[in-house]
Amino acid sequence: MKFLLNTFLLLAITSIYSQNTIEGVVTDASTNEKLAFVNIYFSDLEKGTITDENGIFKLENLSSGNYTILFSMIGYKTQSNKISIPNNDSIKISLVPSAIEMESIIISTPFHKLQSDNVMKVEQKTMAELNTNGSITLSDGITNIAGVESISTGMSIGKPVIRGLSANRVLVYAQGVRLENQQFGDEHGLGLSESGIESVEVIKGPASLLYGSDALGGVLYLNPERFANNNESSGDISGNYYSNTEGFNTNAGYKASANNFKFLFRGSLAEHADYKTKNYRVTNTRFREQDFKAGIGYQKNTFKTEFRYNLNNSKLGIPEVITEQSTNRTPLLPFQNITNHIFSSKSTLFLNDSKLDISLGFIYNDRKEYEEHHEDEEHEDEAHEEIEILEPALYMKLKTANYDVKYSLPKLGKFETIVGIQGMNQVNTNYGEEQLIPDATTNDFGALATSHIHFEKIDVQLGARFDNRNINVVSNINRNFNSFNGAFGIKTDIANNITARINLATGFRAPNLSELTSNGTHEGTNRYEIGKANLKSEQNFQTDMSLEFKNEHFELFVNGFYNSINNYIFLSPDGTIIDDNPVFVYLQDDAKLFGGEFGFHLHPHPLDWLHLETSFESVTGKQDNDMYLPLIPANSLTNTIRIEFNKPWLSKGYAFVKLRSSFKQNKVSTFETNTQSYNLLSAGFGGSISIFNNELQATISGNNLTNKTYINHLSRLKPDGIFNMGRNINVSISYRM
């Protein structure tokens, strides 16, 4: 605490360093033509601008120091340069034409580099890319990333799965802070809206070195939208219609930036009726989501800070059996009413050749679940009308405060080094008549050090970390979990345009409250669950290898991994019945997961407008006794044909056809059923036109165009034989001002 207090006092003292200006010109490396509308961005300072019609750019009020500056534009390879400020020379940049998509800085890893320069393999997709596929929710959209799936309950509830691991084994970050919203529950979704999210990054594999417990399986890192460039402002409004659910979502936002202050806000509303299969609507998959995001930033001399807030309220129907067939949007019983508040701040103090980063977060998760009272079934209509005044059967409040302090040391020769501490205080409190998990307090503390070493032909990244987690349960359970973890990775160009990466990492996960303390019926899963207070921490070691070939017109990647987990925690039926529900107990056994992803992207010369893309992903999970692990996604193959074009009246035009093939999943655990194979056909097109000198973007996309009846292996409705969504047409319009 004393360290944090001193740090805040240090941040309060504003340095009086002089402000600097840089300027330059950007040209085409092939033709030497000046390039207009090139994006220039300082990732450390979070400042940017664009070139004018003569290819000239200028940025003012820059602090002294060493920074990375990015130059990016569609149709050109992104360029990353190191620059020392002050710099009195005019900067001259030549961009190389390329049909390969633009790269962005990876934020989820500590050294903030382009993926091509990163030692750790990280997948990154913009929300714009994911939304072109017509996804209804964020959890649905992330399944378009290779190696990522979602455990779903209808369309409204989804949990990320990274290479076969999910729930508390996958950590979610939003606004730069860890999201805590009772991830242990099968029917507990993300609780986040895709509006106001700029991009998604996925670390596949143990990231405990960077994030501590619960990052054993990987990290889903959601980057919020950027503030406006200096002395600029913009606004936008958009709307989406979905034919299957007769649903919609709308959102509007505005942002502006001056030399020192910047702000933004965005609001959205989504409403959907029950989704429809070929033969019926799935009762009570309806939902309503309201979301508001706001942010304010300040930068002066060598200090910058920003504060963001997100309020998300969702009313989510929980499907059980097929009954009512309607397009009503008000959830039936049972349903959830969840309010999630995320407060976050991020501050940086630049100290010549070093910097201090402090991130603080507070997450307030208010979860209410309403159930049907069977004695009142004859008054079902009256109960439906009085839903708003019902008392919740389950009512939990989870309050989580966390901090992350990192110091980037001055560069020493070939070494870039970061040291830091992280911590969390979490309090769970029950207010309802039922109790899933008890009142408890969890405290985390971790200390880490990591270095990136630049050699002539290879880059090396390594680090170590110590963590302590204390779980104090009201019912006299007090457990401490300690763990040391490390990571080591190498990246090298083994031939022209061929990059190889090898990463070795350990991770850990302390058992959660449900695993330690459960003793009752878990509604929605129809199981009586019994926990064990003496469970040990999970500990894993993963080897990850990747090979990439990339030139101007062809990309190929092969990723492979082997993940060994000691003390893997899982639920298993014991053959008894309590309260008419089968009893499941938490057990532990060593386990292993292995598999990988393969893909290529061809954009043949001279047909640079044509893109042929293929990706395949596979994962197998087994216990040490050779029994298969539950909830392992089926192997899948995705083939896409995409064209891009520009016309005098249409810019950023595109069209695509995609076929996703999911194979039969017969490698299942003892209480799972097999899943049959299926093929889903999707297509879409879109582009932008100018109206009143502003951009209007319109897209139309269709999913499951053949109206295939199928069941995804990770659907929680699979045991009841309920199909996933049928044909859906999405129409989207966005207007930027």
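Visitor: Which side chain meets R329 in a salt bridge?
Guide: This is a predicted model, where local features need pLDDT of at least 70, side-chain atom pairs count only at pLDDT 80 or more, and totals for chains, interfaces and linings use all residues. Residues are numbered from 1 along each chain as its sequence is written, and side-chain values use heavy atoms, leaving out hydrogens and water. A salt bridge puts a side-chain nitrogen of Lys or Arg within 4 Å of a carboxyl oxygen of Asp or Glu. At 3.8 Å, N to O, the partner of R329 is E271.

Visitor: How many residues apart are R329 and E271?
Guide: R329 lies in the loop between strand 19 (303-317) and strand 20 (335-351). E271 belongs to strand 17 (residues 261-272); strands are DSSP runs (E, at least two residues), numbered from the N terminus. The pair links distant parts of the chain, and the separation is 58 residues.

Visitor: Is E271 buried or exposed?
Guide: Buried means under 20% relative accessible area, exposed over 50%, partly exposed in between (1.4 Å probe, Shrake-Rupley method, protein chains only). R329 has 28%, so R329 is partly exposed. E271 has 17% relative accessibility, so E271 counts as buried.

Visitor: How far apart are the closest N and O atoms of D291 and K293?
Guide: Both residues, D291 and K293, are buried. They form a salt bridge, and the closest N and O atoms are apart by 2.8 Å.

Visitor: What is the N to O distance between E369 and R367?
Guide: E369 and R367 are both buried. Their side chains meet in a salt bridge, N to O, at 3.7 Å.

Visitor: How many salt bridges does the structure hold?
Guide: Some share partners: one network joins E123, R163, K204, D544 and E597. The structure's total is 36.

Conventions: Helices (H or I, at least four residues) and strands (E, at least two) are DSSP runs, numbered from the N terminus.
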